[in-house]
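Open the structure in your viewer and keep the selection tool at hand. The stops below say what to select and what is there.

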Amino acid sequence: MTYWRDKVAVVTGASQGFGRTLAEQLVERGCHVVMAARDETKLQAAAQQIDPSGTKSTIVPTDVTSDDSVINLFKHIQDKHGKLDALFNIAGASARGLLCETSIDDFLISFDLNVLSSIRCVQAAVEMLKASQGHVVNMGSLASKSASKYIGPYATSKFALAGMNHQLRLELAESGVHVLLVCPGPIARGDSGQRYETQTTGLPEAARSPGAGVKVKAIDPKDLARRVLTGCEKHQTEIVIPGKARLLFSIAQLSGAWGDWLLKRFTSS
Ligand SMILES: NC(=O)c1ccc[n+]([C@@H]2O[C@H](COP(=O)([O-])OP(=O)(O)OC[C@H]3O[C@@H](n4cnc5c(N)ncnc54)[C@H](OP(=O)(O)O)[C@@H]3O)[C@@H](O)[C@H]2O)c1
C-alpha cells in the first residue's frame, strides 16, 4: 500500500512538461489524478499515455487565470470524488526579458499565471484540503530565491510565489494542511534552448539558454517528481535543487554584494 493509493490529487499544467511527469508518477502510485490545463486535445493525449485504462485519471480543461474556470475545476472534484488530498500548482511559465524593458501588461500576465493562479486554486480547494489534512505544492524555481539577468518578469513573479507560499504555510499550520515550495533549476526537456526565441531578440545568447545561463546540470523530471512526492510524505517545507544553491541564497541574505558576485560565477550572463 503506497502513501498515494486511493488519494485524489489535482495537477495544474498536467498536459506536458513537469506537470505531466508528476501526474504520471501519481497514477503509478495508485492515486486518482485530476489533470488540468487549457488545451483539451493535449490533455486527452497526455491522459491516454499515462493512464491507458482511464481508471486513474480525469481531465478537466481549465484556465487557471480565470476565476470561473477554477471554481468549475474544484466543483467537479467535489461532485465526482467528494474529497481532495493534494493540490499541485504546477502551471506556470518562464518569461525572458529585462525588467526595465518589459511592459506592465506582460508583468501582469506573468503574475496572473505564476502567482494569482495558485492563490485562486488554494482558495477554491482549502476546505477540502483541511478536511483531508492534505498537501499544497507550489512550483517555484531557483528564480524564487535569486534573480538572474534577463528573467525580469519570471524572477519577480516566482519570488512573489515564494512569499505567498510562506504566508500560506503559516496560515494553515494549525489546520494540518502541508505546504511545500519546490525550487528547481532547469528541468531536462527535448526543446531546451528553443523555447524563448521570440522573447530574446536583442538579448545575449545566455538569455535563450535553460535557466537563462545558470551553470547547473539539467534535472531529470522523473527524479524531481519522486523528490516532490517524498517531500509531501515527509512534510518538507521546501525543496531546492541543486542543494548547493542554498549556500548562494544564504550568502546573498547576509550580503547582497557577495551574493551578486557569486551569482556571476554561477551564470554565463
Ligand atoms: N522547465 C523548467 O526548466 C523549469 C524549471 C524550474 C521551474 N519550472 C516551473 O515548473 C512548472 C512547469 O514548467 P514546464 O516548463 O514543465 O511547463 P510547460 O512544459 O511549459 O507546460 C506548462 C503547462 O501549463 C499549462 N498551462 C499554461 N498556462 C495555463 C493556464 N492559464 N491555465 C491552465 N494551464 C496552463 C500548459 O497547458 P495549456 O497551454 O494547454 O494550458 C502545460 O500543461 C512551471 O511553473 C515552471 O515555472 C520549470
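At what angle do helix 4 and helix 5 pack, and how far apart are their axes? Before the answer, two notes. The model is predicted, with local features needing pLDDT of at least 70 and side-chain atom pairs counting only at pLDDT 80 or more, while totals for chains, interfaces and linings use all residues. Residues are numbered from 1 along each chain as its sequence is written.

**Stop 1: helices 4 and 5**

Select residues 104-132 (helix 4) and 152-172 (helix 5): they pack at an angle of about 20°, with their axes 9 Å apart. Helix 4 is therefore roughly parallel to helix 5. Their crossing is right-handed. On the helix 4 side the contact includes Phe107, Phe111, Val115, Ile119 and Val122, and on the helix 5 side Tyr154, Leu161, Met164 and Leu168 are among the residues involved. By class, this contact has 11 nonpolar, five polar and two charged residues.

Some terms apply from here on. Helices (H or I, at least four residues) and strands (E, at least two) are DSSP runs, numbered from the N terminus. Axes are lines fitted to C-alpha atoms, for helices over the stretch in contact, and angles run from 0 to 180 degrees between N-to-C directions. Angles under 35 degrees count as roughly parallel, over 145 as roughly antiparallel, 65 to 115 as roughly perpendicular and the rest as oblique. A crossing is right-handed if the near helix is turned clockwise from the far one by less than a right angle, and left-handed if anticlockwise. Contact requires C-beta atoms, placed from the backbone, within 7 Å of each other. Ala, Val, Leu, Ile, Met, Phe, Trp, Tyr, Cys and Pro count as nonpolar, Asp, Glu, Lys and Arg as charged, and the others, Gly among them, as polar.

**Stop 2: helices 3 and 4**

Show Asp67, Val70, Ile71, Phe74 and Gln78 of helix 3, which meet Arg120, Cys121, Ala124, Ala125 and Met128 of helix 4. Seven nonpolar, one polar and two charged residues make up this contact.

**Stop 3: the ends of two loops**

Next select Gln133, in the loop between helix 4 and strand 5 (135-139). Gln133 is not a glycine, yet has a positive phi of about 50°. Is Gln133 buried or exposed? It counts as exposed, because it has 12 C-beta neighbours inside 10 Å (12 or fewer is exposed, 20 or more buried, and in between partly exposed, with C-beta atoms placed from the backbone).

Move to Tyr150, in the loop between strand 5 and helix 5. Tyr150 also has a positive phi, about 75°, without being a glycine, but Tyr150 is buried, with 24 other C-beta atoms within 10 Å.

**Stop 4: Leu43**

Leu43 lies in helix 2 (residues 40-50) and counts as buried, with 24 C-beta neighbours inside 10 Å. Beyond four places in sequence, Leu43 is in contact with Ala14, Ser15, Met35, Ala37, Ile59 and Pro61.

**Stop 5: a cis peptide bond**

Finish at Pro242, in the loop between strand 7 (238-241) and helix 7. The peptide bond joining Ile241 and Pro242 is cis, with omega about 0°.

Methods:
Contact = placed C-beta atoms within 7 Å.
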